[in-house]
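Student: I am new to this structure. Please take me through it step by step.

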Amino acid sequence: MLSKLGVYGNPMRISSTIQLGYSPQATAELARQWTKAMWNSSLWKKVHWLGVPVQQWPTDLMLMQELIATVRPNCIVETGLYLGGTAVFYASILRLLGIDGRVISIEIQINPTARKNIEASSFADRIHLIEGDSKSEAVHERLRALLGCEQDILICLDSDHSYAHTLGELRAFSRYVPIGGYMVLFDTICQELAGTPNGQRSWTHDSPMTALEEFLAENRNFQTDPAWEKFMVTFAPRGFLRRVG
Ligand SMILES: C[S@@+](CC[C@H](N)C(=O)[O-])C[C@H]1O[C@@H](n2cnc3c(N)ncnc32)[C@H](O)[C@@H]1O
């Protein structure tokens with residue numbers, strides 16, 4: 001007999017073909033349904049790091065902590081500051097690891113609350129903000145000036161999630177990633193959320209995953225690293241990209 005889960009009060013079949021249980025396939029299916037339900041419940045909007053709102057699912061923050069501890073970058077460049085949560089998170093992990101590194105966060109319109117959150121944290125001296133469109137040449141000029149000859153860079157993309165903007169960001173920021181280094185693209189889950197209550201129909205084609213597929217097809221120097229799918233529950237499926245050449 002197929003088990004059923006209640007989501008939004010309505011019983012929902014997990015799948016017409018997979019029995020609920022503990023097989024690898026059933027676990028993967030449950031994880032994917034759980035991810036979709038958590039995203040739709042907006043619980044990810046309630047996550048905080050050291051008191052600052054951070055728009056990430058907790059398992060993805062844990063993965064980022066592990067990635068930073070593995071790669072040990074001197075500089076983390078992110079797009080999408082919002083209220084400063086990930087900037088503070090990345091800066092705090094660098095400090096805990098004893099890395100004298102910094103975070104550069106690029107945001108099209110810096111929210112005054114983000115500035116306050118960063119100033120109030122213990123990491124303001126490590127976080128540099130650039131205001132502007134992450135695809136613009138002006139922003140990249142400022143970024144190159146801040147980076148200088150820095151090589152150990154980790155890129156985290158979390159700004160405008162449209163297909164066109166994401167593809168532009170992937171192309172523009174891939175040049176900063178050293179061989180063996182990583183570029184993380186968040187919210188690739190959007191495509192799968194297209195048919196869900198809070199998802200947008202356009203996300204089937206106008207979201208990070210379609211941009212990621214096009215970028216990977218045109219750029220053989222980057223590959224999705226499946227090692228970072230290990231928790232199964234992630235808002236960034238296939239989004240951990242390793243530069244291999
Ligand atoms: C999903 S939020 C970032 C969340 C943040 N990384 C966190 O986890 O707390 C996306 C942010 O990207 C910014 N953004 C949108 N378009 C942008 C662009 N073209 N360039 C830079 N930032 C942009 C938005 O203003 C918003 O603050």
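Tutor: Helices (H or I, at least four residues) and strands (E, at least two) are DSSP runs, numbered from the N terminus. The expected span of a helix is 1.5 Å times one less than its number of residues. The model is predicted: local features need pLDDT of at least 70, side-chain atom pairs count only at pLDDT 80 or more, and totals for chains, interfaces and linings use all residues. Residues are numbered from 1 along each chain as its sequence is written.

Student: How many Å apart are the end C-alpha atoms of helix 1?

Tutor: Helix 1 covers residues 24–40, which is 17 residues. At 1.5 Å a residue it should span 24 Å. The computed distance between its end C-alpha atoms agrees: 24 Å.

Student: Which residues of helix 1 are buried?

Tutor: A residue is buried if 20 or more other C-beta atoms lie within 10 Å of its own, C-beta atoms being placed from the backbone. In helix 1 that gives Leu30, Thr35 and Trp39.

Student: Why do the buried residues line one face of helix 1?

Tutor: The arc is taken from the directions from the helix axis to the C-beta atoms. Seen down the axis of helix 1, the buried residues line one face because they fall within an arc of 165°.

Student: What are the bounds of domain 1 and domain 2?

Tutor: Domain bounds come from an automatic or database domain assignment. For the protein chain, this assignment gives domain 1 (4–41) and domain 2 (44–243).

Student: How far apart do their C-alpha centres lie?

Tutor: The distance is taken between the C-alpha centres of domain 1 and domain 2. These centres lie 28 Å apart.

Technical notes: A residue is buried if 20 or more other C-beta atoms lie within 10 Å of its own, exposed if 12 or fewer, and partly exposed in between; C-beta atoms are placed from the backbone.
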